[in-house]
Amino acid sequence: MTGGWRRIAGVSSLRSVVAVDVGGTETKAALVTGRPGEATVVAERRRPTPRADDGDATAAAVVDSVLDLAAELGGLAERPVEALGVVVPGVVDEERGVGVLSANLGWRDVPFRRLLAERAGLPVAFGHDVRAGGLAELTLGAARGSSDAVFLPIGTGIAAALIMGGRVQSGGGYAGEIGHTDIGHGEPCGCGQRGCVERVASSAAVARRYAARTGREVRGAVDVAEAVRVGDPDAVVVWDEAVDALARALLLTSTLLGPEVVVLGGGLALAGDLLTEPLGRRLADLISFQRRPELRLAELGDAAGCLGAALLAVDLLEAR
């Protein structure tokens with residue numbers, strides 16, 4: 001994971017926590033210890049996120065996987081692990097500790113915090129993967145110093161952390177679902193709507209749409225980005241459609257929230273200026289009176305969600 005793991009503010013004594021970020025494709029976990037103003041990754045693990053025949057079975061498999069990772073990493077700790085921080089995708093009710101809905105993984109109303117705490121025998125800080133990533137970028141990364149910002153990771157799906165007045169907003173678990181903004185293309189989405197940004201502009205969608213257009217399978221959006229760089233006309237069409245969809249989503253976000261900064265993360269952001277430059281131009285074309293946000297690339301990479309889970313776990317211990 002990145003060097004951003006080295007500084008976590010506000011830890012009053014040495015703590016040892018396990019942080020787990022359950023993604024739509026991959027699960028990342030780390031054993032973290034920290035003192036005031038700094039933290040150190042002791043060990044880290046990555047695994048494919050398990051899937052089963054239905055949402056309930058997938059959720060049960062995810063719980064098993066998280067506990068296996070916690071046990072494995074906890075076995076490497078020099079001092080007892082004090083808490084578990086876990087973040088998941090979809091609609092998440094942090095107050096109740098419930099995964100309300102994941103369109104990509106299929107679960108509904110899963111009491112993850114209770115299930116994990118009962119079996120782990122540890123305090124569990126449970127949250128939303130993107131909001132946790134936004135907390136990490138706000139505290140340690142590219143959104144530092146911003147009062148109003150959006151953290152927008154573009155991966156298997158698209159959701160955002162909305163930072164207003166220096167605080168990450170939850171909206172009862174429903175805030176930030178930018179990927180399910182209807183931009184009018186009419187294609188059905190797993191969420192039950194049509195026209196969602198996510199169906200055109202997520203990393204998974206970019207790869208899927210390119211493969212459907214050309215008949216050539218690709219490893220992911222990174223392959224499509226490379227094809228764009230060498231001038232593949234099919235890749236350029238798919239990429240331009242994704243950029244336009246993202247710009248339209250950011251126009252709506254700018255109209256409603258007026259962020260100073262938009263921090264782009266996830267797999268698609270690995271393309272760097274291949275994404276930010278055309279996205280900035282398209283957003284400028286669309287904006288009239290709205291404040292035009294500065295586009296920045298995330299500093300914490302794909303560690304942001306896991307780092308945020310560690311911050312949540314540390315905060316839980318400090319509040320006890």
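1. Helices here are DSSP runs of H or I with at least four residues, strands are runs of E with at least two, and both are numbered from the N terminus. On that basis the protein has 10 helices and 13 strands. The model is predicted.

2. Overall dimensions. The radius of gyration is 19 Å, close to the 20 Å that the globule rule gives for 320 residues, so the protein is as compact as a globular protein of that length. The C-alpha trace spans about 55 × 45 × 35 Å along its principal axes.

3. The five-stranded sheet. Strands β11-β10-β9-β12-β13, in that order, make up an open sheet with mixed pairing. The edges are held by β11 (167–169) and β13 (294–297); each has a single partner strand, so one side of each is left without a neighbour in the sheet. From one strand to the next, the twist averages 25°.

4. The antiparallel part of the sheet. Strand β9 (residues 149–153) runs antiparallel to strand β10 (residues 161–164), and three bridges join them. Phenylalanine 151 has alanine 161 in β10 as its bridge partner. β10 and β11 form a hairpin with two residues between them, and glycine 165 in the turn has a positive phi of about 60°.

5. The parallel pair. Strand β12 (residues 261–265) pairs with β13 in the parallel sense over four bridges.

6. α1 against α2. Helix α1 (residues 55–74) packs on helix α2 (residues 112–120) at an angle of about 40°, and their axes are 11 Å apart. That angle makes α1 oblique to α2. The crossing is right-handed. On the α1 side the contact is made by Ala59, Val62, Val63, Asp64, Val66 and Leu67, and on the α2 side by Phe112, Leu115, Leu116, Arg119 and Ala120. By class, this contact of α1 with α2 holds nine nonpolar, no polar and two charged residues.

7. α3 against α10. Helix α3 (residues 129–140) and helix α10 (residues 304–319) have axes 7 Å apart and pack at an angle of about 85°. Angles of 65 to 115 degrees count as roughly perpendicular, and α3 and α10 are therefore roughly perpendicular to each other. α3 contributes Asp129, Ala132, Gly133, Leu135, Ala136, Glu137, Thr139 and Leu140 to the contact, while α10 contributes Ala304, Gly305, Leu307, Gly308, Ala309, Leu311 and Leu312. The contact of α3 with α10 divides into nine nonpolar, four polar and two charged residues.

8. α7 against α9. For helix α7 (residues 233–257) and helix α9 (residues 273–286) the packing angle is about 50°, with the axes 9 Å apart. α7 is thus oblique to α9, and the two make a right-handed crossing. Trp239, Val243, Asp244, Leu246, Ala247, Arg248, Leu250 and Leu251 of α7 meet Leu274, Leu275, Pro278, Leu279, Arg282, Leu283 and Leu286 of α9. By class, the contact of α7 with α9 has 12 nonpolar, no polar and three charged residues.

Terms used
Residues numbered from 1 in each chain as written. Predicted model: local features only at pLDDT ≥ 70, side-chain atom pairs only at ≥ 80, totals over all residues. Heavy atoms only, no water. Axes fitted to C-alpha atoms, helices over the stretch in contact; angles between N-to-C directions. Parallel < 35°, antiparallel > 145°, perpendicular 65-115°, else oblique. Left-handed = near helix turned anticlockwise from the far one by under 90°. Contact = heavy atoms within 4.5 Å. Nonpolar A, V, L, I, M, F, W, Y, C, P; charged D, E, K, R; others polar. Pairing = 2+ DSSP bridges. Rg over C-alpha atoms; globule rule 2.2 N^0.38 Å.
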